[in-house]
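Subject: Structure for you to look at

Hello,

Here is the structure we spoke about, with some notes on what was found in it. Please keep it open while you read.

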Amino acid sequence: MAETTTAGPVTDEGHKYDDNNTTPGKTKFPRLSLKRAMSHSGEASSSPSSWTKTQTPGTLLKDAMATIELVPSNPQLSTKLLRGIRVTKITTNGKFKPRVLTISQDKFALFVTHGKVERDEEEQGMTSFMANRLPLPMISSKGISFGSPSEKMRAKFVRYIDVADIVAIHTGFVGASRKLELARGNSSHRLKGTKESYVDTKSNLLVSIVHHGGALSLDVIVPDEKTRDGLVLALSRMKQQYEETSSVLCSNEALLLRYIWYDVDTNKDGQIGEKEFATLLGRINCHVKNKTPKQLWKAYRKENNISQKYISYQDAMTILYQIHSGHYNKEESSNSSGGGNNNKTRSGIQALSLWDEIFGAEQDYVSIQDFTTVFVKGIQKETDATVEDVSLMIDAINRIEVVRDAAAGSVLEDKPGFLAKHRFKWYLHHTLNSAYDPDTQVLDESSMTKPLSHYWINTSHNTYLTGDQLQSASSVECYAKALERGCKCLELDCWDGEKHKKTKEPLPVIFHGHTVTSKILFQDVIQCVAMYMKRNHTTTYPVVLSLENHCSHEYQRAMATILQTYLGEYLYVPPDASATELPSPASLRGKIIIKGKRPPEKKEEEEEETTVDGDDDDDDDEDPYEEEETATKSNIVGDMTKMASGAVKTTTKSVSKATKVVGDTVRGGGEKSGDATPKPPKVVPELARLTLFHGVKFKGDFVQSAQTMKASHMHSISESKMGKLMKKTSGDVPNAWRAYNVKHMTRNYPAGARVDSSNYNPVLCWAMGCQMVALNFQTADTPLLLNDGRYLQNGGSGYVLKPKSVMSSSSSTNPVTLRIRVLSGYCLPKPKGAKTGETIDPYVTISIHDVIKKDGGAREAHKETSYNTETVDDNGFCPVWAETTFFTHQVQTPDVAMVKFSVNEADLGIDDQVADAVIPINCLRSGYRSILLHDKYGNRSGPFAFATLLVEIQFE
């Protein structure tokens, strides 16, 4: 889920959030989202149009992309990018290879090839034509191209990235990709400061194009800074134009066909034959019962009197429309008994069936007035909608370019003031009809003026790790990915490193202490954050750097210098640590906040020397200044198992008497030391003055903490500690914790036993009002998907205003009964978005993540309830479940609870995950709604950008 922010306020008279408190079932018309959609539709789409024969599919979208000026201030560079620029590509194993990067003339894609593309001056340069002429090397490690089929060799040699696959573009620093770190060679040189690698000398010329959900990246070194800036601007403009106009101008199936056309049209002549048609159907998971691809091919050509042995894009689009509309199942559907799962193979006629049920089978049109009254208000429960609102929405739907299918009997013209029957399907699957209220996903700047403690904040745990907690690699890339995913609190575990060979300056490092995880420089991470701030400082809300500081005074001073040098004006320096209220996100826009430790005042130091409640003895709090290891570890690797299981115990003692085991890790230079040395006292003033959030040990009483702690003081509570707190039946811990969290902050983090970097469920922490619920972003599990769903709110800003029910010491919510039934799916991809593989057999899992009260409300706990649909065989393109029964569940805490929709592939072994969507219950809209599905990285990009479910939602 890439972060999205807006450059300015997005408001609408009479429509804004009321402290983020929405009532499930009370659905509002999405005015803000409609206004944005209409603003992106453009003059080119002012009237509906039919498909034309074009090698670049989608006439209106093609026209919209063609209007892009890649580099408006430099037309010569724009031309150069279209003809190809020389770059140095960094390979997966960190090698450097000379290549040519070319943006396609239609601006839908970029290619990386071995040589320049030759093109005639008058050539239009459509993607398919251009790709057919991409040069291949004669001999390489991948084979000999001479005499080999060009389409097969091109698949090996040509790197092709569609604009729909681009997730993010990074530039100017080493670390946007793991490959860049490998390109440095021996990492110990970097950690010691003994040698600067070639890639570091060229860091200002690096461009990393992150694609396919964030799983892959294209990393190149460009010739000069002007070319770098031009390439980044060109790709950004392509990406923005595509995202803003594609869903407005084209249907999902049209976008899907355009997306795969380059791969399917293997000989690049703009048309496909019978074999390619079969490949197309397999690629989109399309199977028509009792009809092979060959039979479909013949049937269409016969109906349309096509004598050629190939069909155009327009023909392919028409066939997909016919399949989705049930044209090839007419005989079967006429013999079926109707209703229920007998309609599984009837493809996409679900929308037409709903139309017949609601408006009558004899009706081809419905007036805007009737559509508003009967459907929008009556069924969808958008009671605030006006005829003017709905008229604008239908205008947006009518602008979607659709195929005119005479063979399917769907020759209906769009009439002003009416919605045509064939347009109803596009409405149902449109983003404006999303079950996740579109307006709650628009940034509301007016809600960002309250103290930081009033917000849920998107937070990462051990951000630097790529895998498990014991031996995985640390990477700067993880920080870039977390920021792009909307994270606003990053964790940095800081330790003493080496000293620069020449300057003798300390080089602090980041890694998971007392393990064999690899090390990265603190400086590189801060440089990564600085580059993010440089690009986004006008739009981003504050980013918190959570420093787990294990460094000696000398290295702490180096940290302070690095922070000030690289972050400069972005770094927030607290004017007064004794303020009674925390600043707001709005007041800290474009700033970096430091969370760590400030030197305690005398009274606070005496409090910290007080004996801690025995319940805290085994709390794995991450504060390095509050605990000590009871035994010296002479061999880290040998003790990893003990650490993982919690066998190594820690105790909290007086800070003045505390000692710290240092030097028990293998340093970058290979030196080893096992002697225990005194722990350094607290934090040096140079670093302390930069710190806003001061971590304080939890003494077991939230009431006492709320009464005695300053606003800037906060607790860190582990998963295991929280489990103990939630089991207490005395003291009303839940309400006391919520009351504490009104003015103070809590950071939660996974239990130490989660060495596999799995995550705990965050819903209970959110119910307690905890702001920073830290999760392992490298692990794509259900908790992280819940996190993604939560922070889609408020423009993906990473800040969500907590509801009133968790901002009080006496939490009270009204339970609601939620009813859901799954009707159909649309353009579902293969697992992991694969291009090849069998047609999927999908089923849907619906799971409710709720918080329930126990023991009369004295205890609270997370509860998950799930339901599975039946499996639809051999159909991912347009499966129909048409369930007649509802999955019904009483939601106890609708302000916090979430619903997760998961599409899975039924398999002989372990079922594969296909796509997911998570929606907060208080953002869920009733009626017939579209579920917009995401990949495991939280993105709707590539083949996942077109995937939806159609469901019916009811609240009681």
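Which residue stands opposite Arg821 in S36? It is Glu952.

Before the rest, a word on the source. This is a predicted model, so local features need pLDDT of at least 70, side-chain atom pairs count only at pLDDT 80 or more, and totals for chains, interfaces and linings use all residues. Residues are numbered from 1 along each chain as its sequence is written, and side-chain values use heavy atoms, with hydrogens and water left out.

The whole chain

The chain has 29 helices and 36 strands. Both are DSSP runs numbered from the N terminus: helices are H or I with at least four residues, strands are E with at least two. Of its 956 residues, 61% count as buried, where buried means under 20% relative accessible area, with a 1.4 Å probe and protein chains only. Taking contacts (heavy atoms within 4.5 Å) between residues at least 6 apart in sequence, 73% join residues at least 24 apart.

The sheet

Two strands count as paired if DSSP finds at least two bridges between them. S29 and S36 belong to an open sheet of four strands, in the order S32-S29-S36-S35, with antiparallel pairing. S32 (887–891) and S35 (927–932) stand at the edges; each has a single partner strand, so one side of each is left without a neighbour in the sheet.

The cysteines

How many disulfides are there? The count comes to zero, a disulfide being a pair of cysteine sulfur atoms within 2.5 Å. In general, it is a covalent bond between the sulfur atoms of two cysteines. For Cys478, the closest cysteine sulfur is in Cys528, 9.9 Å away, which is too far for a bond. Cys827 is in no disulfide either, as the nearest cysteine sulfur, that of Cys878, is 8.3 Å away. Cys478 counts as buried at 13% relative accessibility, and Cys827 counts as buried at 2%.

One serine

Is Ser246 buried or exposed? At 7% relative accessibility, Ser246 counts as buried. Ser246 lies in helix H9 (residues 225–249). A polar atom of the Ser246 side chain is 2.8 Å from the backbone oxygen of Tyr242. Leaving aside residues up to four places away in sequence, Ser246 touches Leu61, Gln241 and Leu255.

Regards

Notes. Buried < 20%, exposed > 50% of the residue type's maximum accessible area, 1.4 Å probe, protein only. Polar contact = N/O pair within 3.5 Å; in protein donor to acceptor, adjacent residues only side chain to side chain.
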